[in-house]
Structures are given as structure tokens and as C-alpha cells.
Amino acid sequence: MGLINRILWVLNLLVGVMLLLSYLAPFVNPLVWWLAAFFGLAFPLLFLINVAFLIYWLVQGKLKLFFPAMCLLLGYNHYAKVYKLNGRYEQRSDEHIKLVSMNVKYFGNGEGKVFVDSLCDYLEEEKPDIICFQEYKEEFKGVKGKTSIKLKKTCGMKYFLNKGEAHGTVIFTRYKPLHQGYISFGNNNVNGAIWADLVFSGKDTVRVYSCHFQSNQLSRSEQIHASDIQDKDKAMKKSKSLIKRLKAGFEKRSEQVDLVREHMDNCPYPIILAGDLNDTQLSYTYRQLIRDGKDAFVESGSGLGNTYVGPFPSYRIDYIFYNGGLRTFNYKNGPSFHSDHKLIQALFKH
């Protein structure tokens, strides 16, 4: 038993230090040290392993329990970003603005399961005032009519805002835009951020961003299965490919978020930013965007709130941020339909 405990203690020290490094990930630009971003990505697993060690040392009656306890306590401020016990609810009234955001993955067109009609039915019941879509597509072969016309008619939207092309990142809104623009992340890039200064109720102006940051571009073929472990060459090849793609994604998003952050810093109005960040709560991307604001899930959501439903582990990578005098209520996840992301929504009051 003594030998087993010594081995477990070494492992505990290792994962404890890794958990502490995950807390640093939001503060380190991946262009400076990209490994920090991997620790941030591994935070949920590292947290659970440290909890297991804490319980083990407690049952064993060992003072070693203080090390995992310390590692867990030092990350206390991060836990509400991942899990919330209680949401903040308020009955919707004319004072509220409902915003919906979703990466619709071209409405399932690539898989031959176009879900525009079912999404319209859902939105007709929810009655949003602002819709932010990423990976939007306007027309489909074999499907009659333009998506924007259907959505505007179903949801009572007056304005359809895009970058001049009817695909990518868009905003639908009931409110008149004073100004609008687009933040490009590079030529021929499906990622970007569209923004608009919207006049709410004829008096308050709020800038709304719909953003789509660099995807990790991971495929199901790159998943590592139990059978791969028996083939070392295959497992190593998949591991290298996975790390390479994740590293490229971390670095690309750090450049993209700096562009958006600079634009936000020059905004004279309160801000609501929604979209697909493709990054977790313990990331440089997340910290840059929430630096002077709040996370709608943290303020008014409940549960885990995970939004990604693709082939890899589920994370919360879609967000609604805000600042200024705004308050949020009733944050919740909606269905994913045939996308690999869930719809998210919240009420706002100014």
C-alpha cells in the first residue's frame, strides 16, 4: 500500500501543478506560450482528477489531502464560469430585449438535413428581437425561397445585416441600425465579426456584435479510440494531428480576438457580443472579450451550459457577453437541430 500511495502522490503532484497552470491560461497569449492553452482546455478533466485525489487522501486519512484541496481552492473564481446552480429569472415584458445566437452550420445543408423550417418554428414561439447567426447560408438547392425572407417574415425582423455576402456571420434585428460594419479576419476567411449600433425603443443605442472565431477544424477521423491505442503508429499520428490543429486554432484566435477587442475599446455605447468563440472559459479569447464586461450564462444561467455537440468532448464555446448598464435574465440553451452547436439566448434590460 505504501508503494501505491507514493506513486499516487507523484501523480497527484503532477495533475495538481497542471491544474494550477490551467488557471494561468486566460492570461497567456498562445502566441507567447501555446502550451498554456492546452492546460486551459484540459481544466474539467484536471479538476475531476484532483477531486478524486482529495477524496482518496481523505478516506486514507492522509495530510496529503491539503495539496489537492489547495489546488482546487485557488481556482474557485473559475468554477461559476463552468457550472451555475441557480439562474436569474424575470418575467419578459416590453422593457426586455431577447437575443438569440447560434452557429447554424449552414442549417445542416452539408449533411442533407436542412432545418430552416424547424428553426423558424422554434423562433416564432420564442419571439427574439435580435438574432446572431454564424455559418449562415442564404439559399439551398432544392429548397424554395431565401432564408432571410423566411426568417424576417416568421420573426417579424425588419433588418438583415451582413458583410455584403449572404452567408457567414449575420444579424437579424427589429431595431434600426445607426451604423454597421464588419471586422475581417483575413481574405477568403469564413470567420469574422459583424457589428451594428442598434437603437432600442427609440432612445438607447447598443452595439451588437455577432462573431465567429477560428475553428479547430477537427474531424471524426481524428478521434482517438480505444482500438487505436493498440496501434502505436496510428495513435501517434492522430495525436500529432490533433495537437497541430489545436495549436493552430489557439494562435489564430488570439490574433482575431485582439482585432475585436481593439474595435470594442473604441465603442461609445454599451455592448452585447454573441457568437461562436471555439474556445473555453479558461482561454485567452474568453478573458479578452469579458475583460470589462459580463458573461450572460454566469449572470443568469444554470447548469453546465455546454453548447458544443460535435464529435469531440462537449464544452461551452458559444457565448453572450455584455457591458455598460445592461442587465441579463433567463439565459438558456435551446436545441441544436442538426448543427454541432446549441442555440443560446438571454433577455436584456437597459
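Which residue lies over the face of tryptophan 9? It is lysine 64, at 5.6 Å from the ring centre, where a charge sits over a ring if NZ of Lys or CZ of Arg is within 6 Å of the ring centre and within 35 degrees of the ring normal. Likewise, arginine 88 has its charged end over the ring of phenylalanine 329, 5.2 Å from the centre.

A word on the basis: this is a predicted model, in which local features need pLDDT of at least 70 and side-chain atom pairs count only at pLDDT 80 or more, while totals for chains, interfaces and linings use all residues. Residues are numbered from 1 along each chain as its sequence is written, and side-chain values use heavy atoms, with hydrogens and water left out.

Now to the ring pairs, of which the structure holds 28; rings of Phe, Tyr and Trp (its six-membered ring) pair if their centres lie within 6.5 Å, and planes under 30 degrees apart count as stacked, over 60 as edge-to-face and the rest as tilted. Phenylalanine 133 and phenylalanine 172 have ring centres 6.2 Å apart and planes at 75°, so they are edge-to-face. Because phenylalanine 133 lies in strand β2 (residues 130–137) and phenylalanine 172 in strand β4 (residues 167–173), the pair ties together parts 39 residues apart in sequence; strands are DSSP runs of E, at least two residues, and helices runs of H or I, at least four, numbered from the N terminus. Phenylalanine 172 is buried, with a relative accessible area of 0%, buried meaning under 20% with a 1.4 Å probe, protein chains only.

Key
Buried < 20%, exposed > 50% of the residue type's maximum accessible area, 1.4 Å probe, protein only.
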